[in-house]
Amino acid sequence: MGKTFTPLILPLLVLGMALVPVIGSRALVQDLFMVLCLLVLALNWNMLAGFAGLVSVGQQAFVGIGAYAMFASVILWGMDPLAGLLVGGLVAMALAVPVAFFTFRLNGAYFAIGTWVVADIARLAFSQWKALGGGTGTSLPKGAAQEMLGVATVRGLIGGSKAAAVDALTYWLALALVVVLLLASWAFLRSRMGLGLQAVRDNALAARAVGVDPLRLKALVFLLTAFGTGICGGLLFIQIGRISPGAAFSLLDWTAFVIFIVVIGGIGTLPGPVIGVLVFYGLERLLADYGTVYLIVLGLIGIAIMLFARRGLWGGFVQRTGLDPLPLSHAAPAAPAPTRS
Amino acid sequence: MGGAMAILSLQNVSKSFGALKVTQEVSFDLAPGEALGIIGPNGAGKSTLFNLITGNLRPDQGAILLDGRDVTGETPMQRCASGIGRSFQIPQPFDHLSVYENLLVAARFGGRLTAAEAPAHCADILRRTGLAALADRKAGGLPLLNRKRLELARAMATRPRVILLDEIAGGLTEGECVELVATICDIHAQGTAIIWIEHVLHALTSVVSRLMVLNFGRMLMIGAPDAVMAAPEVREIYLGIEA
Ligand SMILES: Nc1ncnc2c1ncn2[C@@H]1O[C@H](COP(=O)(O)OP(=O)(O)OP(=O)(O)O)[C@@H](O)[C@H]1O
Ligand SMILES: [Mg+2]
């Protein structure tokens, strides 16, 4: 069943999601844009923490860096916001090199604290950037988003206002990021390097003994996820249109919620973040009016899952049904090997 | 001069943990394709010697040469790629990977095989080590005996030229032991050099052509198994028999 199930349901789901800007309200598009961006962040964090064992609580650093680099590209260097996205991803990846250099000396909880400290230093550093509004922040120039590459085409396609076209375009980009990330993660995890990564996660000592270099693989994942997180940061703030250090480097918005999503969905599983983001969105709709209570409920659910269902909802589902539509495993060759003389 | 012929050569290697001297001035050469046995009481420093050879530990003193090349500063990954494979005394499987995938990692990384070459290589080893029926089972769920088999199989999958085996026969029944010896003889027959630490003496001596005795980190003797076992100081120290 798993074999025919996945190739069918995934494209259908994506198609359905892609139609939202055509048939849905603008409010729904904006809502789901946020959900998709959280999913992008969750897919990245899951790769990092769930597969590479790098439990970072400082990924908001790369959201902020990506967002600020995008703003700088548009405001200071007069680039198109879409090109700014790419700059954001690349700058985030470049800055991940020194970050890795320092934080990789730390293990476990110390690594987590280290990444958080780095993110806070980044927030403080960017609030010194006067050309981008310092501590109070700044907005994208009037019309920058609406003159963005592709907006006119989208408008020709679905009609409506320029602002609605910007929403639709950013929404589709977020959806495309999700699809690309899902497929790329799957391909990566099934590759030689992904196999090595899973070996390192299980037993670093033995992995070294069979020739796998844990540091190299972890560094690679750290850089790649910084790239993905940076792009997502840029995209988020094209849509939001206004940046400030507090918003761009928000621990709560870009890391705490993301950790929650991955943990309830199933850390170290590919569909986990997708399930997690659905639950998160549902809870948000139900409880958003209750403010603090909402956060407390989220926290309690997160803790309950960590205590009683370590592999999250998806892990529990796979365990109970034996069904895994995105299997990462390599089956042994069925035919007996040729015998040696 | 580590002997131009030696595939592996230890020169005056020493290692201490604080005041505890676990390896003291150990020197020996291993010829290509040779099978060497190591015996010695518990805590004599046998496993430590393996960790020094694989690069998990750095010696305080001395040098380790592979094909005459000094590898003392190299990482375990580099040494694995250069042809040193090992099993761990306490099995260290990749729990969430299948038995086959445990071998596949080893074949793709240490063994440097391509995606096309690795499956047949691994399947062949699974069959030779009696693990074929368990290929798709998660390694974490295996009982101890099969974990030990997996240690051997995974080390073989890295396509080593020297394989280091650390007490893989303990706890086997007579029949299983015969099978294991056959498998190791088979590895040896393919030209792989072997260093085997073992307490099960009859299994060991049926494979190796030289025997080394370690005691308090020191190499007490090295030579033909019969001669070593007959030596009074070995009988006294290793077997606890007064001469
Ligand atoms: N990392 C370490 N730190 C401190 N002491 C260690 C360490 N590893 C081993 N030792 C000590 O070094 C000595 C030699 O240990 P080793 O494991 O090499 O012995 P062994 O000959 O393999 O023994 P056994 O037959 O029990 O496996 C022991 O006293 C052990 O407690
Ligand atoms: Mg030992």
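Colleague: What should I know before reading the model?

Modeller: The model is predicted, so local features need pLDDT of at least 70, side-chain atom pairs count only at pLDDT 80 or more, and totals for chains, interfaces and linings use all residues. Residues are numbered from 1 along each chain as its sequence is written, chains are lettered from A and ligands numbered from 1 in the order written, and side-chain values use heavy atoms, without hydrogens and water.

Colleague: How many residues surround ligand 1?

Modeller: A residue is near a molecule if one of its heavy atoms lies within 4 Å of it. Here 14 residues surround ligand 1. Val22(B), Lys46(B), Ser47(B), Thr48(B) and Gln89(B) are the closest. By class, five are nonpolar, seven polar and two charged. Nonpolar means Ala, Val, Leu, Ile, Met, Phe, Trp, Tyr, Cys and Pro; charged means Asp, Glu, Lys and Arg; the others, Gly among them, are polar.

Colleague: Which side chains have an N or O atom by an oxygen atom of ligand 1?

Modeller: A polar contact is a pair of N or O atoms within 3.5 Å. Thr48(B) has a side-chain N or O atom 2.5 Å from a ligand 1 oxygen. For Ser47(B) the distance is 2.8 Å. For a polar side-chain atom of Asn42(B), it is 3.0 Å. The protein covers 60% of the 640 Å² of accessible area that ligand 1 has on its own (Shrake-Rupley method, 1.4 Å probe).

Colleague: Which element gives the most to the shell?

Modeller: Helices (H or I, at least four residues) and strands (E, at least two) are DSSP runs, numbered from the N terminus. α1(B) gives the most, with three residues.

Colleague: Where are the domains of chain B?

Modeller: Bounds come from an automatic or database domain assignment. Domain 1 of chain B is 1-83 + 160-243, and domain 2 is 91-159. Their C-alpha centres lie 23 Å apart. The contact (heavy atoms within 4.5 Å) takes 17 residues from domain 1 of chain B and twelve from domain 2.

Colleague: What area is buried between the domains of chain A?

Modeller: The size of an interface is often given as the accessible area lost when the parts come together. Buried area uses a 1.4 Å probe and is summed over both parts. Chain A has domain 1 (20-249) and domain 2 (250-324). They bury about 2,100 Å², with 78% from carbon and sulfur atoms. Leu38(A), Trp45(A) and Asn46(A) supply 27% of the area that domain 1 of chain A buries against domain 2, more than any other three residues.

How values were computed
Polar contact = N/O pair within 3.5 Å; in protein donor to acceptor, adjacent residues only side chain to side chain. Buried area = accessible area lost by both parts, 1.4 Å probe.
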